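Q: I am new to this structure and would like to learn how to read it one feature at a time. Could you take me through it slowly, giving the general idea before each case?

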Amino acid sequence: MNLLLPSTASSSSSLSPSALFPCYSHGFSSSSFKFSKKESRCTRKAKRTEITAKFELKPPPYPLNALEPIMSQETLEYHWGKHHRTYVDNLNRQIDGTDLDGNSLEDTVVISYNKGDILPAFNNAAQAWNHDFFWESMKPGGGGKPSGDLLKLIERDFGSFEKFLDEFKTAASTQFGSGWAWLAYKESRLDVGNAVNPLRSDEDNKLVVVKTPNAVNPLVWNYYHPLLTIDIWEHAYFIDFQNGCRNYISVFMDKLVSWEAVSLRLEQAKARIMEREEEAERKRREEEEKPTISKATPELWTQNE
């Protein structure tokens with residue numbers, strides 16, 4: 001069973017770095033952001049009386065009653081309309097006027113994770129992103145079995161679709177406390193600065209099942225591309241399933257998952273991997289083509305007597 005769990009610390013302001021910082025090149029440089037380690041927050045640009053940060057609460061891609069009777073409108077109104085909204089509102093207040101203001105939500109998650117030295121904005125940023133991803137992982141009349149390349153990869157990497165289901169359900173049901181279970185596409189990369197990565201091969205990239213505590217998601221891990229998630233926080237299922245978390249997990253996989261969304265994310269992950277590898281190859285060739293400066297042999301002079 002391929003279950004990964006990042007190291008955690010007792011304080012909410014930090015997590016052990018492990019190997020969790022992302023490789024994604026999101027178009028930002030960590031050197032352009034100023035962090036105050038003493039106060040564990042990013043530097044504010046100026047004091048403001050009006051909140052101008054612009055993250056919005058995205059609605060699910062279906063009406064709030066569209067998942068009934070499996071997931072009730074009451075659950076969506078409570079989970080999306082209250083919990084998700086609170087994460088977004090708190091995030092806007094936290095980042096307003098700071099160096100995090102103006103970034104995409106995905107970049108905000110990555111930057112505020114800060115190599116495991118978590119900034120206060122991380123929890124709200126990651127929870128807002130996680131919930132958007134969760135709503136988009138479901139659809140009315142979902143579940144069943146995927147098809148195409150996704151099914152082929154599942155059968156290749158887990159042995160069968162049924163074995164994948166067992167592994168995913170086990171990961172979700174054994175997540176201690178609050179958190180998430182994920183299906184992710186993991187690049188075959190060596191996360192070592194001075195290592196030479198092997199040539200790209202689709203056979204080396206694998207589907208894996210992982211689980212994370214609290215707000216942590218695979219965006220903050222090296223070379224993991226999230227494809228599917230299930231929310232294991234109690235507010236995700238208590239109204240409809242009471243304490244029946246295992247039943248909620250089974251119903252989610254059997255009747256709610258949008259395999260079309262998962263397949264699309266897989267194709268996007270493959271494209272992103274290809275682009276990154278092409279960029280790495282381009283930089284490698286540029287380095288090789290740089291002219292080498294040969295040191296001239298100094299002339300030796302002898303004194304004429």
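Q: Which strands does helix H3 lie across, and at about what angle does the helix run to S5?
A: Please keep in mind that this is a predicted model. Helix H3, residues 121-135, lies across S3 and S5, and its direction makes an angle of about 80° with S5.

Q: In what order do the strands of that sheet come, and is the pairing parallel or antiparallel?
A: The general idea is that strands of a sheet pair through backbone hydrogen bonds, in either a parallel or an antiparallel way. Here 3 strands make up an open sheet in the order S4-S3-S5, and the pairing is antiparallel. Strand S4 (206-213) and strand S5 (224-231) are the edge strands, each of them pairing on one side only, and from one strand to the next the twist averages 25°.

Q: How many bridges join S3 to S4, and over how many do S3 and S5 pair?
A: S3 is joined to S4 by 8 bridges, the two running antiparallel, and in this pairing tryptophan 182 stands opposite valine 210 in S4. Strand S3, which covers residues 179-186, pairs with S5 over 7 bridges, again in the antiparallel sense, and there lysine 186 has tyrosine 224 of S5 as its bridge partner.

Q: Which residues touch the most other members of the largest nonpolar core?
A: As a general idea, nonpolar side chains in soluble globular proteins tend to be buried together. The largest nonpolar core in this model has 75 residues, and those that touch the most other members are Phe164, Leu183 and Ile230. H3 supplies the largest share of this core, with 9 residues. Leaving aside residues up to four places away in sequence, phenylalanine 164 touches Ile154, Phe158, Leu183, Val209, Met253 and Trp259.

Q: How should I read the packing of helix H4 and helix H5, and at roughly what angle do their axes cross?
A: Two packed helices are described by the angle between their axes together with the distance between those axes. For helix H4 (residues 148-158) and helix H5 (residues 161-173), the axes come within 8 Å and cross at roughly 75°, which means that H4 is roughly perpendicular to H5. On the H4 side the residues are Leu151, Ile154, Glu155 and Phe158, and they meet Phe161, Lys163, Phe164 and Glu167 in H5. Sorted by class, this contact of H4 with H5 has 5 nonpolar residues, no polar ones and 3 charged ones.

Q: Where is there a cis peptide bond, and which residues other than glycine have a positive phi?
A: Most peptide bonds are trans, and most residues other than glycine have a negative phi. The cis peptide bond to look at joins glutamate 68 and proline 69, with omega at about 0°, and proline 69 lies in the loop between strand S2 (41-42) and helix H1 (73-95). As for phi, asparagine 114 has a positive value of about 55°, and lysine 115 has a positive phi near 60°. Asparagine 114 is found in the loop between helix H2 (105-113) and H3, and lysine 115 is likewise in the loop between H2 and H3.

Q: Is asparagine 114 buried or exposed, and is lysine 115 buried or exposed?
A: Asparagine 114 counts as buried because its relative accessibility is 16%, whereas lysine 115 is exposed, with a relative accessible area of 51%.

Terms used
Residues are numbered from 1 along each chain as its sequence is written. This is a predicted model: local features need pLDDT of at least 70, side-chain atom pairs count only at pLDDT 80 or more; totals for chains, interfaces and linings use all residues. Side-chain values use heavy atoms; hydrogens and water are left out. Two strands pair if DSSP finds at least two bridges between them. Helices (H or I, at least four residues) and strands (E, at least two) are DSSP runs, numbered from the N terminus. Axes are lines fitted to C-alpha atoms, for helices over the stretch in contact, and angles run from 0 to 180 degrees between N-to-C directions. Contact means heavy atoms within 4.5 Å. A nonpolar core is a set of buried Ala, Val, Leu, Ile, Met, Phe, Trp, Tyr and Cys residues joined through side-chain atoms within 4.5 Å. Buried means under 20% relative accessible area, exposed over 50%, partly exposed in between (1.4 Å probe, protein chains only). Angles under 35 degrees count as roughly parallel, over 145 as roughly antiparallel, 65 to 115 as roughly perpendicular and the rest as oblique. Ala, Val, Leu, Ile, Met, Phe, Trp, Tyr, Cys and Pro count as nonpolar, Asp, Glu, Lys and Arg as charged, and the others, Gly among them, as polar.
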